[in-house]
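Q: Hi! I'm new to this one, could you walk me through it?

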Amino acid sequence: MDSDEATIEVCDLTVRYGRKVAVDSLDLRVASGEIVALLGRNGAGKTSTVETLEGYRSPSAGRVRVLGLDPSDRRSHRALAQRMGVMLQKGGVYPGMGAAEALKLFASYYARPVDPQSLLDDLDLGGVARTAWRRMSGGEQQRLSLGLALIGRPEVAFLDEPTAGVDPHGRLVIREKVSTLRNSGAAVVVTTHELDEAEKLADRILIMDRGRIVASGSPRDLLASAPTAGRVRFDAREGLDTSSLAEQLSAAVYESTPGSYTVQLEGDGAAADTRHAVAAVTSWLAELDLPLASLRVGATLEDVFLDLTERPTGVDEL
Amino acid sequence: MTPVAGKIAAGGQGGRSGVRIWRAQTAAEIRSTLRRGDAVLLNLAIPVGMLAFFSLVKVLPLPSGVSRPVDFLAPGVLALAVMSSAMVSVAIATGFERQYGVLKRLGSTPLGRPKLLAAKIAATATVEVFQVIVLSGVAVALGWRPNGPLGLAAIALLCGTGAFTGLGLLMAGSLRAEVTLAAANGLYLALLLLGGMIFPISKLPTVLRYVAESLPSGALSQVLHSSVNAAASQNWGEWLVLVCWAVVAPVAAARTFRWE
């Protein structure tokens, strides 16, 4: 990425609260037309990072530029506010205000807003145009919250858990709007705990742990590089004795959650072993006359996340 | 300079007129106030109820030289109404806006802190105009005949609005919503009892009288009493106290106000 093209540039950012270091010498660049998902456990430093980019916090050290400006500087923040969209994780709307009124009010803040009525229709909020925010469902509140972040045609958007508590139909609507925003040239930073959503939405995923970025790459790259790629998972009746399967495969087989089993293959030649393991699992279940509910080969983003953010024994949390 | 920074430096953001934003926000604040049942009760029902009840049921002491309760109560209840809408109503509404994340969200928009505070003051003043019309109408119906320099009364109400809105935002801008709710109601009660709105300050013990005269509620009610009565002379010391509160409280609020 050319440095001139970066919409967000963070160099050596540190955020401290007293003696606690929330963000530790973090470097980050996001280009225009890119969706970056920021993943991490609670307390990993995601919120402190994003709130510094939004201008709510000042860095303890380091350099932050959004659209070339310093968000912690009051005058720069005023200029940034015209080009920035923020979606909070929860709330952010007057509780008695309907969707149409909220969109119209927020549209009045911006120089070139999107037509509130068209946004209302795009977000499928026509049915709650006059319904008070506090009476809307969680999904409707999230969609309205996204709409308020998009109303000013932002060039950079920060979306905090955009699909949390949203039904599948609502998720589709939100994903579509975020993709459209990216296609319009905006840089989008999404913070989320929903790994599936991050995989579907993001061009690039950053995993944070204890204030640092511990992995970065496209969802495909992260999955391919996972040390747990040689893993086969299947769902069947709970409480099965898997010792014979483990013996046959010379691998660890365990019931990770009731009815969900994992075969963890070790050593080289993972691809061949995986094919062999799939055949062994299906024939083993057939011998037991048990149906196979589902089967998945390889690592998931959750595996990658858990592997990278596991804490070594004896290390205290910050 | 990066290309995006260059666009902004060249005025590419083309911000919307500050007055238009302020007007839209003021209208939203007024609608928001009207939707809240507690605000309608606090701003109108309680002052009207107090004015009517204590004017008709003669149980309160009156200051010397005043024979009819309504002549003392009308300016006092106008001061009470200003305190209700400018301090308690604003503090509670703003405190809960902080809790609901509304202030945080607004902090990332081009609205900005000065326009938000100005919109809140303008919305409060609009509600007060309505309060003054209704309360004055009820008082006149009860026999009140104001005959003093009413222009000074209007200035006093404006100063009171600034002072009490400042106090309300000072609480809401720095305390948690629940604490703001308790603090605003507690302060309301103290300022009501010591403010010469219902009980004459002249009837209080000497020490409490000195305290009352230094409070914004005491200063406002005293100034209003003398501004609606041609026979009364202006006490410029009371004006000085009121103006000081009208300047200091909003400045302190603006300095300490936090979006979250």
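Q: How much area do chain B and chain A bury between them?
A: About 3200 Å², with 57% of it on carbon and sulfur atoms. Buried area here is the accessible area (1.4 Å probe) that two parts lose on being put together, summed over both. Keep in mind that this is a predicted model, where local features need pLDDT of at least 70 and side-chain atom pairs count only at pLDDT 80 or more, while totals for chains, interfaces and linings use all residues. Residues are numbered from 1 along each chain as its sequence is written, chains are lettered from A and ligands numbered from 1 in the order in which they are written, and side-chain values use heavy atoms, leaving out hydrogens and water.

Q: How many residues does each chain bring to the contact?
A: Chain A brings 39 residues and chain B brings 33, where contact means heavy atoms within 4.5 Å.

Q: And how many salt bridges are there between chain B and chain A?
A: Three. A salt bridge is a side-chain nitrogen of Lys or Arg within 4 Å of a carboxyl oxygen of Asp or Glu. One joins the side chains of E101(A) and R31(B), at 2.6 Å from N to O.

Q: Which element gives the largest share of chain B's side?
A: Helix 2 of chain B, with eight residues. Helices (H or I, at least four residues) and strands (E, at least two) are DSSP runs, numbered from the N terminus.

Q: Switching to chain A: what order do the strands of the open sheet have?
A: The three strands run 2-1-4, with antiparallel pairing. Strands pair if DSSP finds at least two bridges between them. Strand 2 (20-31) and strand 4 (61-66) of chain A are the edge strands, each pairing on one side only.

Q: How many bridges join strand 1 to strand 4 there?
A: Five bridges join strand 1 (residues 6-17) of chain A to strand 4 of chain A. In strand 4 of chain A, A61(A) is the bridge partner of T14(A).

Q: What packs on the sheet?
A: Helix 1 (residues 46-54) of chain A, which touches strand 1, strand 2 and strand 4 of chain A.

Q: Back to salt bridges, how many does the structure hold over all chains?
A: 18. Among them is the pair of R212(A) and D24(A), at 3.2 Å from N to O. R212(A) lies in strand 9 (residues 212-217) of chain A and D24(A) in strand 2 of chain A, so the pair ties together parts 188 residues apart in sequence.

Terms used. Axes are lines fitted to C-alpha atoms, for helices over the stretch in contact, and angles run from 0 to 180 degrees between N-to-C directions.
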